[in-house]
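Trainee: Could you walk me through this structure, one question at a time?
Mentor: Gladly, let us look at it together.

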Amino acid sequence: ALIWCIDDVKHASKDLGLKRTLTDDECMEVLIHCQENLDWSFGFGWDNIYWVLEEFYQKKEKKNGKNE
């Protein structure tokens with residue numbers, strides 16, 4: 001079995017060049033979102049985490065009124 005973890009999400013956020021490091025709780029939110037919203041017939045990979053991270057950051061920044 002392949003297991004994705006908080007460190008994977010933090011690594012992916014650095015790959016994307018995001019300016020803020022996520023907390024462990026925020027990383028778990030990303031992983032849970034991936035798990036609950038993934039079409040498993042297509043599999044899971046880094047791209048899935050990247051897409052969710054980008055969406056997550058956009059929502060966080062809009063909520064905080066920032067454009068980072």
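Trainee: Is Asn48 buried or exposed?
Mentor: Keep in mind that this is a predicted model. The relative accessible area of Asn48 is 14%. A residue under 20% counts as buried, so Asn48 is buried.

Trainee: Which helix does Asn48 lie in, and which residues does Asn48 touch, leaving out those up to four places away in sequence?
Mentor: Asn48 is part of helix α3. Setting aside residues up to four places away in sequence, the contacts of Asn48 are Cys34, Leu38 and Gly43.

Trainee: Let us turn to helix α2. What distance separates its end C-alpha atoms?
Mentor: Helix α2 covers residues 24-37, which makes 14 residues.

Trainee: Where do the buried residues of α2 fall, seen down the helix axis?
Mentor: The buried residues of α2 are Glu26, Cys27, Val30, Leu31 and Cys34. Seen down the axis of α2, they fall within an arc of 145°, so they line one face of the helix. In general, an α-helix has 3.6 residues a turn, so residues three or four places apart point the same way. The place you asked for is one face of α2, within an arc of 145°.

Trainee: What covers that buried side, and which exposed residues are on the face turned away from it?
Mentor: The cover over the buried residues of α2 includes α1 (6-15) and α3 (46-64). On the face turned away from the buried side, the exposed residues are Asp25, Gln35 and Glu36.

Trainee: How accessible is Asp24, and which residues does Asp24 touch beyond those up to four places away in sequence?
Mentor: Asp24 is found in helix α2. Its relative accessibility is 40%, so Asp24 counts as partly exposed. Not counting residues up to four places away in sequence, Asp24 touches Ile6 and Lys10.

Trainee: Where does Gly45 lie, and is Gly45 buried or exposed?
Mentor: Gly45 sits in the loop between α2 and α3. With a relative accessible area of 19%, which is under the 20% cut-off, Gly45 is buried.

Trainee: Which residues line the largest pocket, and how many of them are nonpolar?
Mentor: The largest pocket holds about 170 Å³ of space. Its lining is made of Leu2, Trp4, Leu31, Cys34, Gln35, Trp40 and Phe44. One lining residue is polar and none is charged, and the number that are nonpolar is six.

How values were computed: Residues are numbered from 1 along each chain as its sequence is written. This is a predicted model: local features need pLDDT of at least 70, side-chain atom pairs count only at pLDDT 80 or more; totals for chains, interfaces and linings use all residues. Side-chain values use heavy atoms; hydrogens and water are left out. On a 1 Å grid over the protein atoms alone, a cavity is a set of points where a 1.4 Å probe fits but cannot get out, and a pocket is an open set with protein on both sides within 12 Å along at least five of seven lines; lining residues have an atom within 4 Å of a point. Grid points are joined across faces, edges and corners, and a volume is the space filled by probe spheres set on the points. Ala, Val, Leu, Ile, Met, Phe, Trp, Tyr, Cys and Pro count as nonpolar, Asp, Glu, Lys and Arg as charged, and the others, Gly among them, as polar. Helices (H or I, at least four residues) and strands (E, at least two) are DSSP runs, numbered from the N terminus. The expected span of a helix is 1.5 Å times one less than its number of residues. Buried means under 20% relative accessible area, exposed over 50%, partly exposed in between (1.4 Å probe, protein chains only). The arc is that of the directions from the helix axis to the C-beta atoms. Contact means heavy atoms within 4.5 Å.
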